[in-house]
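Thanks, everyone, for making the time.

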Amino acid sequence: MPDDAKVLTVTELTRRIKFSLESSFPRVWIQGELSNVKRHTSGHLYFTLKDAGAQISAVMWRSRVGMLPFSPEDGMNVQARGSITVYPPRGNYQIDVEQMQPLGIGELQLAFERLKQKLADEGLFDPAHKKPLPEFPERIGVVTSETGAAIQDILSVLARRMPSVEVILAPVRVQGAGAAEEIADAVEAFNRSGRPDVLIVGRGGGSLEDLWPFNEEIVARAIYASRIPVVSAVGHEIDFSIADFVADLRAPTPSAAAELVVRDRTELLDTLRNMCYTMHDSVTARAETLRERMRSLVSSYSFNRPRDVVRESIQRLDELDRSLSRSFSRLQESAHQRQEALGHRLEALSPRGVLKRGYALVRHDDRIVSSARALEPGDRAAIEFSDGTVPARIERDGTP
Amino acid sequence: MTAKKSTRNTFEDNLRRLEQIVESLEQGSVPLDKAVDLYEEGIRLSRACADRLKEAELRIKKLSKNLDGQFQLNDPDKE
């Protein structure tokens, strides 16, 4: 058992550490990169200062924040002056920054710029390589954290706009060591399966370190190699990542990515309905036009021409018929008259006509006697009158 | 991948065909009997598209990692 006199309470130890640290570093200048810069609503500024080997929490009170000649952002390299303070309730120490000045671009920022330049030179950001997004994706692959806000945002937008799609999530870590490899693996896995029509790769906003996996070369190359179109959705509007430059389309946020990937179902249904109306109207209009054309054809001059020809022919035929019968009756009439006249003439020439006028014919032996010398006394003859014949006997010679 | 797409990407195909039909009907140059056939086909396509859109539930699947640490899709209907 230790000597009771040498046993310290946590509070006592912390008090001694606090005294020791705070008196050793009452005022120091340090140089490092800003990260996790957060402005509290109270106006105080909380951030981390770090370099390749270590990091230290920092706080800057509102009164001093107001004096800053610049706006602290993640990734900035700064020199800061302050004193070390220990916060016993948490058992941690921090630097209470009184004054701070920027030192140009931080290391990560430099790495970012170097990689960006290298990949740009290689043509990874070439617009000609960018693939168009499918207009109506049926399967959407999402590469992001299973527990982050990004997947929730994406799902809620998809459920609202186009719930008929299928979402396949590749759950990956989106920050910290190994995250970049997992993201790249997931993009490759989706390409191997070939199933999604489009990929959304991203995460919600965060510090430059948080977003760093999306600035790694392995992720950039996986996105570039993807045959499936990739929409990047990293962080909030203002953050640009290497993934954004290489993706086929950059969305400012995960929600925006979901908006860009699918059309709105309600709009599409409206479009379909309008198409149905248009088709219906076109067909009805077409039928009406044809009906109209038919009507005008039926009443047209040319269409009625054959009927006219027939009608005219009938009329002509009737006329001919009439004139034919007129001519015929005329002919008949005159024939009749001629026949009658001839009849009269014939009758006038007939011996019977002569007989009527009082002449008589004398026949002897059935021959007409035309001379007195042809008869001898005692001959028998027949005298023919117009109304009959009487026998006669010749009594004596005639005197010439 | 391309072959797989052509067999299942029916919504887009249907919509394209529907657009063609609407366009040719609007131009009014097709003979009437053909127009009526097209109209019927168009109505059928538009119904198919609308039915597809009206599927209400977002289907969500997840890739998991196999023993080799590779992502795989646990999907019974995968061909």
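In this predicted model, helix α5 of chain A, residues 179-193, packs with helix α7 of chain A, residues 217-225, at an angle of about 10°, and their axes are 8 Å apart. Because angles under 35 degrees count as roughly parallel, that angle makes α5(A) roughly parallel to α7(A).

If we look at who meets whom, the α5(A) side brings A180(A), E181(A), I183(A), A184(A), V187(A) and E188(A), while α7(A) answers with I218(A), V219(A), A222(A) and I223(A). Sorted by class, this contact of α5(A) with α7(A) has eight nonpolar residues and two charged ones, with no polar residue.

Let me turn now to the two chains. How many residues does each chain put into the contact? Chain A gives 35 residues, and chain B gives 35 residues. On the side of chain B that touches chain A, at least two residues each come from α2 (10-27), α3 (32-54), β1 (59-65) and β2 (71-73) of chain B, and the largest share, eleven residues, belongs to α3(B). In terms of class, that side of chain B divides into 21 nonpolar, five polar and nine charged residues.

Technical notes:
Residues are numbered from 1 along each chain as its sequence is written. Chains are lettered from A and ligands numbered from 1 in the order in which they are written. This is a predicted model: local features need pLDDT of at least 70, side-chain atom pairs count only at pLDDT 80 or more; totals for chains, interfaces and linings use all residues. Axes are lines fitted to C-alpha atoms, for helices over the stretch in contact, and angles run from 0 to 180 degrees between N-to-C directions. Helices (H or I, at least four residues) and strands (E, at least two) are DSSP runs, numbered from the N terminus. Angles under 35 degrees count as roughly parallel, over 145 as roughly antiparallel, 65 to 115 as roughly perpendicular and the rest as oblique. Two residues are in contact if their C-beta atoms, placed from the backbone, lie within 7 Å. Ala, Val, Leu, Ile, Met, Phe, Trp, Tyr, Cys and Pro count as nonpolar, Asp, Glu, Lys and Arg as charged, and the others, Gly among them, as polar.
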